Amino acid sequence: MPVGIDDMAIYVPKLYIDSKDFAIARGIDPHKLEIGIGIYKMAMVDTNQDPACMAANACLKLMQKNDLKPLDIGRMYVATESALDESKAMNSFVIGMLEQIYGDGSFEHAGGIECKFACVSGSYALYDNANWIRAEENNDRAAIVIVSDIAKYDLGSAGEYTQGAGAIAMLVKENPRLVAFDPKVTSTIIKNEYDFYRPFGRETPLVNGSYSNYLYLIQVKKAFDSYREKAIKTKLIQLQEDESITDKIDYISVHLPYRKMGEKALAYLLRHEWRCLPRWKQIIEEVGMDEPTPKDPRGTIESILADKDFMKADDQFRKAFMRTSIFKQVFEQKMASSLEASAIIGNLYTASMYMGLRSLLEFEYKKNIDLENKRIGFGSYGSGSSAMVFSGVIQSTYKEIVKDMNLEKEIGERSKLDMQEYIRLHSNEGKMNEPISNSNNEFVLVKIGGNTADKAGLREYVFSN
Ligand code: COA
C-alpha cells in the first residue's frame with residue numbers, strides 16, 4: 001500500500017526584506033547575497049504572528065482545499081525549532097485555533113506531538129506518520145504534518161542574511177496523489193554536535209556557520225551512503241558498474257538554509273558518488289586540477305577546517321567542478337527548480353526542504369516535464385545533529401494537485417519593510433495590536449499572558465477576516 005504526501009498547503013507572512021536594501025544597509029556587496037547566498041527576499045513575521053498561527057493558517061488552507069473535516073484526521077504533528085513553550089506542544093495551540101472554525105472538541109479524537117531536532121524534525125514526523133498508516137493504526141484516517149518556523153539570527157551577524165519565516169502543512173495518507181515514499185530505505189545518522197543551537201531563553205541561535213555548513217554536507221553524505229546500501233539490498237535501485245545511484249534518482253531535494261547551500265550539497269554528493277567511476281577522469285580534465293586531499297584525511301572537522309591550504313584548494317576545485325558541463329546539466333535537471341522558492345522566501349528551518357519540494361513540483365510542471373514515476377531523493381539535515389535520507393515517487397495523479405500550484409499567488413501581495421521597520425520588528429518593539437500588514441482570513445495572535453502569574457504564557461488567537 002503506497003503511503004506518502006497527498007497534498008500540501010503553504011503559509012508565508014506578508015512582510016519581507018529586500019536583499020539589496022539589506023546589503024546596502026550592512027555594507028555588503030548585493031551580489032554576495034544574490035549570487036553567493038542566493039537570496040532576493042526574506043519573509044518576516046508581523047507583530048501579531050508566531051509559528052503557531054502560521055502553522056494553523058497552513059493547516060486550515062490544506063483542510064479547506066481538500067474539504068477535510070476534523071474526523072478525517074487522526075493525527076496532527078507540528079515540527080518546529082521555534083517552540084513557544086517548554087511543555088505545551090505547538091500542535092495544541094494549532095488545534096485550539098482550528099476548533100474556533102470547526103467547533104470546540106472537534107479534534108478530540110485525534111493525537112499528535114510537537115517534534116524537535118532543528119531542521120530535520122519534519123522528516124522524522126513524516127516518517128513516523130507514514131509508518132502509523134502502514135501499521136494500520138490509523139482507523140482509515142489521514143495524518144497532517146506541519147512544519148513551521150521563524151529563522152531569526154542576531155542583528156549584524158553572518159546568519160542575518162539567511163533569515164525567513166513560513167509554514168507548510170502536508171496531508172499524509174495511503175494512495176497519495178503527490179508522492180509515495182519508498183519503503184525500507186529511509187536512512188538516518190545522529191551525533192552530538194554544537195554546530196547550531198539555541199539555549200533556553202534565547203530567541204536567536206548560537207551558530208558556527210562554516211562548521212555547520214561542512215557538518216551538513218558530511219552528515220547527509222553518510223546518511224546517503226546508508227540509503228544506497230539499503231536501496232541496493234532491497235533492489236529498489238539496481239546499478240551497473242559504471243553507474244552511480246544519483247543517476248537513478250530523477251530529482252534531489254535537500255535542506256535549504258539558503259539557496260546556494262542546495263548547489264553546494266549537490267556538488268559535494270556528486271563528487272563523493274562519482275570519484276570512483278570512469279567518468280571522473282573526464283571531469284578532472286575539464287576541472288583542470290586534481291582533487292585536493294586534506295593533510296590529515298582522517299582528521300576531525302575542526303582540523304580539516306583549520307587546514308587552510310586544503311580549504312582554499314578544495315574551494316577552488318568545488319567552484320571549477322560546479323562549472324563543468326556535466327555538473328551544470330545534472331544541477332539543471334535534478335535540482336534547479338527546487339531552489340526557486342528559497343530565493344524569494346528565505347530560510348524556513350524545518351519547512352525549507354518541503355518548500356523546496358513544493359517549488360520543484362510547480363516549476364518542473366511549468367516546464368511541461370512529465371513527472372509521473374519520477375523518483376525524488378531527499379537529503380534532510382538538522383543541526384545538533386542528524387540527517388535523514390529517503391526517497392519517494394511522484395504518482396500518476398500528481399497533476400490534480402500540481403496544476404493549481406502558484407507560489408506568487410499563494411504567498412499573496414507582500415509589503416517590503418524598510419530597514420528601520422525591520423530593526424523595530426526584529427527587536428520586538430512593535431505592538432501586537434498595531435501590525436504593519438492587514439490580516440485577511442487568517443489566524444493572528446492577540447494576547448500573550450493573562451492578568452495573573454499562573455496565566456503568564458497563555459496565548460490567545462483569533463481568526464481575523
Ligand atoms: N559576489 C558574489 N559572490 C560573493 C561575493 C560577491 N561580491 N562576496 C562573497 N561571495 C560568495 C563567497 O565566495 C561565498 O561563496 P561560496 O560559498 O561558493 O564559497 C558566499 O558568497 C558566502 O560568503 P562567505 O563569506 O563564505 O560566507 P559568510 O561568512 O557570509 O557566511 C553563512 C555564510 C551561510 C555561513 C552564514 O550566513 C551563516 O552562518 N548562516 C547561518 C548558518 C547556516 O545557514 N548554516 C547552514 C547549515 S544548516
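This is a predicted model: local features need pLDDT of at least 70, side-chain atom pairs count only at pLDDT 80 or more; totals for chains, interfaces and linings use all residues.

Reader: Which side chains have an N or O atom 2.6 Å or 3.0 Å from an oxygen atom of the ligand?

Author: Lys264 has a side-chain N or O atom 2.6 Å from a ligand oxygen. For Arg318, the distance to an oxygen of the ligand is 3.0 Å.

Reader: How many residues surround the ligand?

Author: A residue is near a molecule or strand if one of its heavy atoms lies within 4 Å of it. Here 21 residues surround the ligand, and the closest are Asp29, Lys32, Ala158, Tyr161 and Lys264.

Reader: Next, rings. How many aromatic pairs are there?

Author: Rings of Phe, Tyr and Trp (its six-membered ring) pair if their centres lie within 6.5 Å; planes under 30 degrees apart count as stacked, over 60 as edge-to-face and the rest as tilted. That rule gives 19 aromatic pairs. Take Phe93 and Tyr461: they're edge-to-face, 6.3 Å centre to centre with 75° between the planes. Phe93 belongs to helix H4 (residues 90-102) and Tyr461 to strand E17 (residues 459-464), so this pair ties together parts that are 368 residues apart in sequence. The element names follow a simple rule: helices (H or I, at least four residues) and strands (E, at least two) are DSSP runs, numbered from the N terminus.

Reader: Are Phe93 and Tyr461 buried or exposed?

Author: Buried means under 20% relative accessible area, exposed over 50%, partly exposed in between (1.4 Å probe, protein chains only). Phe93 is at 8%, so it counts as buried, and Tyr461, also at 8%, counts as buried. For a stacked case, look at Tyr216 and Tyr381, whose ring centres are 5.3 Å apart with planes at 5°. Tyr216 lies in helix H6 (residues 209-233) and Tyr381 in strand E13 (residues 375-382), so the pair ties together parts 165 residues apart in sequence. Tyr216 is buried at 2%, and Tyr381 is buried at 3%. There's a cluster as well: ring pairs link Trp274, Trp280, Phe317, Phe321, Phe327 and Phe331.

Reader: Which rings have a charged end sitting over them?

Author: A charge sits over a ring if NZ of Lys or CZ of Arg is within 6 Å of the ring centre and within 35 degrees of the ring normal. The charged end of Lys41 is over the ring of Tyr16, 4.8 Å from its centre. Over the ring of Phe93 you'll find the charged end of Lys88, 4.7 Å from the centre.

Reader: What about helix faces? Which residues of H11 are buried?

Author: For a face, you use the arc, which is that of the directions from the helix axis to the C-beta atoms. In helix H11 (residues 325-334), the buried residues are Phe327, Val330, Phe331 and Lys334. They span an arc of only 100° around the axis, which puts them on the same side of H11. Contact means heavy atoms within 4.5 Å. The buried residues of H11 pack against strand E12 (251-254), helix H7 (259-274), helix H10 (308-322) and helix H13 (352-366).

Reader: And which residues of H16 are buried?

Author: In helix H16 (residues 419-426), they are Met419, Tyr422, Leu425 and His426. Down the axis of H16, these fall within an arc of 125°, so they line one face of the helix. Their packing partners are strand E2 (15-18), helix H1 (19-26) and strand E3 (41-44). At the start of H16, a side-chain oxygen of Asp418 comes within 3.1 Å of the backbone nitrogen of Gln420.

Key:
Residues are numbered from 1 along each chain as its sequence is written. Side-chain values use heavy atoms; hydrogens and water are left out. A polar contact is a pair of N or O atoms within 3.5 Å; within protein, one must be able to donate a hydrogen and the other to accept it, and residues adjacent in sequence count only if both atoms are side-chain atoms.
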